[in-house]
Amino acid sequence: LEYTLMMIQTLFQRLISFFIFLLAYFFALRESGKDRFWFLVYFPVEMRKQAKKSLSEASKVIGTFVSVEARLVFLTFIILSIGFSFLKFKSPFGIAFLISLVDGLPFLGIGIFLIPMIVFFIHTGNLFVGVSLALLYLLTITTRQFTESYMWASTFHLKPVHAFLIMACSIYLFGFVGILLSPFLLFAAYKVKQHPLFTE
């Protein structure tokens with residue numbers, strides 16, 4: 001009985017919290033429709049201009065991040081669709097679409113699906129399909145990585161090798177958070193490059 005009462009109380013608290021969140025979200029969206037930076041009224045007057053500039057730049061970086069990731073998912077879908085069609089899989093486009101949805105996950109990404117598929121086909125004696133999937137996996141992640149570096153490099157006017165090294169170090173040092181930090185680190189590198197100390 002005590003456990004049941006505790007569960008009911010916890011459920012009720014979560015429902016109340018969710019309702020408050022919905023209300024706050026509704027009013028935030030309503031105010032944002034009028035002015036995106038409505039919350040800056042709670043900043044000191046001398047800080048508002050700089051805060052607005054910083055938030056505008058951050059929103060542009062986030063927008064670019066979403067755009068780049070969407071194009072990379074589409075690229076992964078195209079490569080996998082061609083590969084699965086070549087291997088005569090049933091519903092190659094559907095399978096490619098489902099696998100490409102996890103393309104943005106750190107470390108493994110599409111490997112969450114492809115690696116078990118590779119192991120299964122090799123274990124069941126279908127060596128050709130297993131090796132073909134392994135080559136398809138390597139081709140996809142290599143193409144994706146170079147394309148991602150090129151996209152970010154062209155966005156921030158950096159050399160692709162610099163963009164690749166910054167992203168690799170970010171993911172290596174910070175893990176999953178590094179993926180989210182990468183655009184901001186690339187933006188910081190772009191700002192450093194523009195500084196008078198580094199310009200001719």
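Are R144 and E69 buried or exposed? In this predicted model, R144 is buried, and E69 is buried too (buried means under 20% relative accessible area, exposed over 50%, partly exposed in between, with a 1.4 Å probe and protein chains only). Local features need pLDDT of at least 70 and side-chain atom pairs count only at pLDDT 80 or more, while totals for chains, interfaces and linings use all residues. Residues are numbered from 1 along each chain as its sequence is written, and side-chain values use heavy atoms, without hydrogens and water.

Side chains of opposite charge can pair when their charged atoms come close. R144 and E69 form a salt bridge, with 3.1 Å between the closest N and O atoms (a side-chain nitrogen of Lys or Arg within 4 Å of a carboxyl oxygen of Asp or Glu). The two residues lie 75 residues apart, R144 in helix 5 and E69 in helix 2 (helices are DSSP runs of H or I with at least four residues, numbered from the N terminus).

Helix 2 (residues 45-86) packs against helix 5 (residues 127-156) at an angle of about 155°, and their axes are 10 Å apart (axes are lines fitted to C-alpha atoms over the stretch in contact, and angles run from 0 to 180 degrees between N-to-C directions). Helix 2 is therefore roughly antiparallel to helix 5 (angles over 145 degrees).

The axes of helix 5 and helix 6 (residues 160-174) come within 8 Å and cross at roughly 110°, so these two helices are roughly perpendicular to each other (65 to 115 degrees). Among the residues that meet there are W152 in helix 5 and F164 in helix 6 (contact means heavy atoms within 4.5 Å).

Conventions
Parallel < 35°, antiparallel > 145°, perpendicular 65-115°, else oblique.
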